[in-house]
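Dear colleague,

Here is the structure I said I would pass on. My notes on it follow below.

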Amino acid sequence: MKKIIKLSIRTYLILITVFSFAQENNALELWYNEPASNWMTEALPIGNGYVGAMFFGGIQEEHIQFSEGTLWSGGPDSNPDYNIGIRKNAHSFLPEVRKLLKEGKSDEADRITKSEFTGIINTGKQYNADFGDYGAQQTMGDIYVKVGHSGEVSNYKRSLDIGKALGKVEYSIDDKNYRRTFFGNYPSKVMVYRFESSVKTDYEIRFKSPHTKIVQNFNDGVYAFEGKVADNGMPFETKIALKLSDGKITYKDGVIYIKDAKDVVLLNTSSTAYTLTYPTYKGNDYKADNEKVLQELASKSFNDLKREHLRDYSNLFNRVSLNLGKSTQPAVPTNERLQAYFNGSEDAGLESLYFQYARYLMISASRPNSMSMHLQGKWNNSTNPPWAADYHSNINLEMIYWPAELTNLSECHLPFLDFIESLVEPGKLTAKEFFNTRGWMTNTMTNAYGYTSPGWGIPWGFFPGGAAWFSQHLWDHYDFTQDEEFLTTRAYPVMKEAAWFWIDYLTKDENGKLVSMPSYSPEHGGISKGASMDHQIAWDILNNCIKAAEVLEIDDAFTTKAIQTRDAILPPQIGSWGQLQEWAEDVDDPNNKHRHISHLFALHPGNQISTTHTPKLAEAARITLNARGDSGTGWSRAWKLNFWARLNDGNRAHKMLKNLLKPVSSTKVEMSTAGGTYANLLCAHPPFQLDGNMGGAAGMVEMLLQSQSGIIDLLPALPDVWQQGEVKGLKARGGFEVDIQWQDGHVINAKIKGKPNQSSKLKANKNIIKFQLNADGIYEFSNKN
Ligand code: FUC
């Protein structure tokens, strides 16, 4: 009796939902009226930190693809000679190349450097265009759920509520209603997929994996697949535990058959033998992991898991809210909304949805003890994804983590910070053997197996700035959290080693200035004697080490050396057409539209150039940005948005946001101007790369709040279209949390939270104000002050 009542209430609720979508105005929802037909552009991402999954919402068959972040091909077990790409004494050519560069013979220097690095892949073997032993991030597999129903479908809706991190598929067939609910639960380490129907329904469930099968079985309602990656034997296991309200389960030849069930829940847990430990990178007891997860799940119902998930998710997500004013919020599917926005309809609601989506993606893909996000976050459906879905250090990985501290998701930064630490040991070998220096370094491409060499793909594989740029994130984590323990035990030691590399690598030019030689401005130009980005990155790491030493009250020989070196680095140069020079030589082409604008690092994410302290350099940066134009790949548009915000040009930054939100459907690799956003709001390089989503959100913060110069600057780059609005919970350096409310482009109220009695400066409506937090750690600014 009780059960019948419950079911009819549920049916009633389903009906209400089904008939109310058209009017529903959930500001934090992506929704569509068709199933996804393309993984990259339309399927919707969910995740539990460890696993990233995409669901399609097919009516006759649901397709859920998933990947676990630690599953990689390549590495030491793919080849017994694997030694993370280190070639002994590979630096012997450096003196000759330096001499040639000093003599101005850059063509010859370019030829020698390229030929010395070419052909050095992990094993010292010939460069292998198929990635060789470098490896790639791997999909784990796909779950297909066939639903036994037929008839005409009405009221179809596929949605993702990013306020709750719940994916949904709802539709009716005749008078029968169907609903699926999908989410990733981080505390219980499980992916949850529920299929409900108002009538008894049959299902067929299959798991498919591109990897080698070791064992597949079904016991006590739990399906298990144990497999391994072909080239390195990396084992993994995925388990699907079934919980049914009613009905009957049978299993045959890899297929689970369910008969007559109204409520079916799949609990999917996955683990691999990978560990983030150089040099072996394995040893995790993946089966014990899964067993433990399932044991703990035994006593939890779907509702328990959902409650636990909502508590965990809201704790992070609800820290920040954003309202950009005037929102038309048209009741059309998100793909149409994106198109309408691009065609010119004002939709501040879409902009804040895009901002919060980045936070959703980060919470779903980067949680303590999970693997660092890669080029696609945690979402990868391939064994051979674009750029191996690896860790690129010359913009991409850093950009992927830009919003972590800014948007109050400090914990989500940790997987990247762990990853950085894991690169120090192999990175020391690379520094020693390739560049004859102390310290650690890493080049353009890095993988899960400590690959830090310059040899994979020349010349673009060569980028000595990787480690120092990564280390900026360690400093930032301290700067935003004020966690001194972290600074002492984790950040500073790694930062210092990254700085040592630069102290040794920089050499004097003919004027006695320190330059990077040989150097290569990311993916642009030839080998040179002074890529500005290198100088700016070296300046940044040394400067951060000096600041860290001040905090920690360390004043040793290293600090002295760091100060001397920082101050002798060739500073950013202004060239003949007023531009900021990309190289030590004044050779920039004003017609060049290259996507990388590496030499503006000092403006963002660096802090060496600003409109207030170095207005001439800021002006040169502006000239460079104008010359490079407002197009580019996805991430390139996002970076330009951040640059314009740092130049205090809100309207131009907003224009870049619009350009980033250009609807794109192509999934092919395009290197110059085809960037934008897919229907599922993932960033299109193209193909899909998460950097643009994250860089876009970070840029929106830079428009509303900046703190890099020691002042909490409110609304530093507010565009005309955001005349009123409110943001709550953003973070500023110094450990402050900031709420801002504005009207007619002016700050009306602001609230700053931090440690009791902490003091700092704030800039609001062009005035700089010194403030001190009260005994409760609060300071309130109001326009009347
Ligand atoms: C860098 C960029 C490319 C792409 C790749 C993953 O090489 O230059 O545009 O984003 O990373």
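A cavity, as the word is used here, is a set of grid points where a 1.4 Å probe fits among the protein atoms but cannot get out, and a residue lines the cavity if it has an atom within 4 Å of one of those points. Please keep in mind that the model is predicted.

Searching the whole structure for cavities of 30 Å³ or more gives seven. The largest cavity has a volume of about 150 Å³. Its lining is made up of 15 residues, and those nearest its centre are Trp-402, Leu-406, Asp-476, Pro-605 and Arg-733.

Next, the ligand. The residues around the ligand include Leu-375, Trp-387, His-392, Asn-394, Glu-523, His-596, Trp-635, Met-671 and Gln-689. Asn-396, Arg-595 and His-685 are also among them, and each of these deserves a line of its own:

- Asn-396 has a polar side-chain atom 3.0 Å from an oxygen atom of the ligand.
- Arg-595 places a side-chain N or O atom 2.9 Å from a ligand oxygen.
- His-685 has a polar side-chain atom 2.6 Å from an oxygen atom of the ligand.

On its own the ligand would expose 290 Å², and the protein buries 99% of that area. By residue class, the shell around the ligand consists of four nonpolar, six polar and two charged residues.

Last, the cysteines. How many disulfides are there? The count is zero. A disulfide is a covalent bond between the sulfur atoms of two cysteines, and the cut-off applied here is 2.5 Å between the sulfurs. For Cys-412, the nearest cysteine sulfur is that of Cys-683, 20 Å away, and Cys-412 is in no disulfide. Cys-683 is likewise in no disulfide, its nearest cysteine sulfur being that of Cys-412. Are these two cysteines buried or exposed? Cys-412 is buried, at 0% relative accessible area, and Cys-683 also counts as buried, at 0% relative accessibility.

Regards

Notes. Residues numbered from 1 in each chain as written. Predicted model: local features only at pLDDT ≥ 70, side-chain atom pairs only at ≥ 80, totals over all residues. Heavy atoms only, no water. Near = heavy atom within 4 Å. Polar contact = N/O pair within 3.5 Å; in protein donor to acceptor, adjacent residues only side chain to side chain. Areas by Shrake-Rupley, 256 points an atom, 1.4 Å probe, with all protein chains shown as cover. Nonpolar A, V, L, I, M, F, W, Y, C, P; charged D, E, K, R; others polar. Buried < 20%, exposed > 50% of the residue type's maximum accessible area, 1.4 Å probe, protein only. 1 Å grid on protein atoms, 1.4 Å probe; cavity = no way out; pocket = protein on both sides within 12 Å on 5 of 7 lines; lining within 4 Å. Points joined across faces, edges and corners; volume = space filled by probe spheres on them.
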